[in-house]
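Here's a quick tour for anyone meeting this protein for the first time. Have a look at the structure, then read on for the domains, a helix, some charged pairs and a few single residues.

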Amino acid sequence: TLKRIAYGIEDTLPDAFQGITVVLSGPSFAHEVVRKIPTTVVSACHFESAAEAVQKVFSTPSFRVYTNPDIIGVELGGAVKNVVVIASGICDGLNLGENTKAALITRGLAEIKRLGLKMGAMEDTFSGLSGIGDLITTAFSRHSRNRYVGEELGKGRSLDEILSTMVMVAEGVRTTESVTQLAEKYNVAMPITNEVYNILFNEKEPKQGVYDLMMRKLKRENW
């Protein structure tokens, strides 16, 4: 449907509940949260009072919650980052270096931000917990399902083979389809997303995808 989760939920609720859906997002692997390892996330809602209510309920000495009125940016950061994380895993599978991964994360965040701004998000959100914070955590973690999918693709396995052996869902696979459609809808350039899509669904060789990204027309960093 290309609808954000909060929008989809509110679409089924009476008018009295419109705009009060709260999204909780950020770098928070469950296995660390349950071990009470210090974790920070963001509670996002158009209505500050609703975001603050969730903040108070969930905050503990090991789980700190910030608030943010930009529910669009928080949702997009949490979802679209999984596409970049698949690309990060591909880098690992191809045994590329830290230079490559740093470039990928930086340029991937730029893509997320471009799409987010076109969809009404606030730019600062992508520099926060649900943006760069969540992206860094999942792009480097061995616990990330999406990074694992990318790594196995980089090693030469097919998508069907990888998914058939997984118990849990790598949501970034289907998210890549949705983000590609959103990029077309809003006329946003997302070259990394395009390459991930072609590797996932058009059987493009990962090495060729990296080469094509590196050989794109030269331009300014910020455009």
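The centres of domain 1 and domain 2, taken over C-alpha atoms, sit 24 Å apart. Domain 1 covers 5-68 and domain 2 covers 71-215, with bounds that come from an automatic or database domain assignment. Keep in mind that this is a predicted model: local features need pLDDT of at least 70, side-chain atom pairs count only at pLDDT 80 or more, and totals for chains, interfaces and linings use all residues. Residues are numbered from 1 along each chain as its sequence is written, and side-chain values use heavy atoms, with hydrogens and water left out.

**Where the two domains meet**

- On the domain 1 side, 17 residues are in contact with 14 residues of domain 2 (contact means heavy atoms within 4.5 Å).
- The area buried between domain 1 and domain 2 is about 1,300 Å², and carbon and sulfur atoms give 72% of that; buried area is the accessible area (1.4 Å probe) that two parts lose on being put together, summed over both.
- The elements giving two or more residues to the side of domain 1 that touches domain 2 are α1 (5-10), β1 (23-25), β2 (39-44) and β3 (63-68); helices (H or I, at least four residues) and strands (E, at least two) are DSSP runs, numbered from the N terminus.
- β2 gives the most to that side, with 4 residues.

**Helix α10**

- Pro191, Ile192, Thr193, Glu195, Val196, Ile199 and Leu200 are the buried residues of helix α10 (residues 191-201); buried means under 20% relative accessible area, exposed over 50%, and partly exposed in between (1.4 Å probe, protein chains only).
- The cover over those buried residues includes α4 (71-93), α5 (98-118), α7 (145-154), α8 (159-164), α9 and α11 (206-214).
- Just after α10, Glu203 takes a positive phi of about 60°.

**Charged pairs**

- The whole structure holds 14 salt bridges.
- One of them joins Arg145 and Glu171, with their closest N and O atoms 3.2 Å apart.
- That pair links distant parts of the chain, 26 residues apart: Arg145 is in helix α7, and Glu171 is in the loop between α8 and α9.
- Glu151 and Lys155 also pair up (3.7 Å, N to O); Glu151 is buried at 16% relative accessibility, whereas Lys155 is exposed at 53%.
- Shared partners join Asp92, Lys101, Arg147, Glu151, Glu152, Lys155, Arg157 and Glu161 into one salt-bridge network.

**Thr175 and the cysteines**

- Thr175 lies in helix α9 (residues 172-185) and counts as buried because its relative accessibility is 16%.
- The Thr175 side chain reaches the backbone oxygen of Glu171 at 2.8 Å.
- Leaving out residues up to four places away in sequence, Thr175 touches Ala79, Val80 and Val83.
- Cys45 is buried at 1% relative accessibility, and Cys91 is buried at 5%.
- The disulfide count is 0, going by pairs of cysteine sulfur atoms within 2.5 Å.

Terms used
A polar contact is a pair of N or O atoms within 3.5 Å; within protein, one must be able to donate a hydrogen and the other to accept it, and residues adjacent in sequence count only if both atoms are side-chain atoms. A salt bridge is a side-chain nitrogen of Lys or Arg within 4 Å of a carboxyl oxygen of Asp or Glu.
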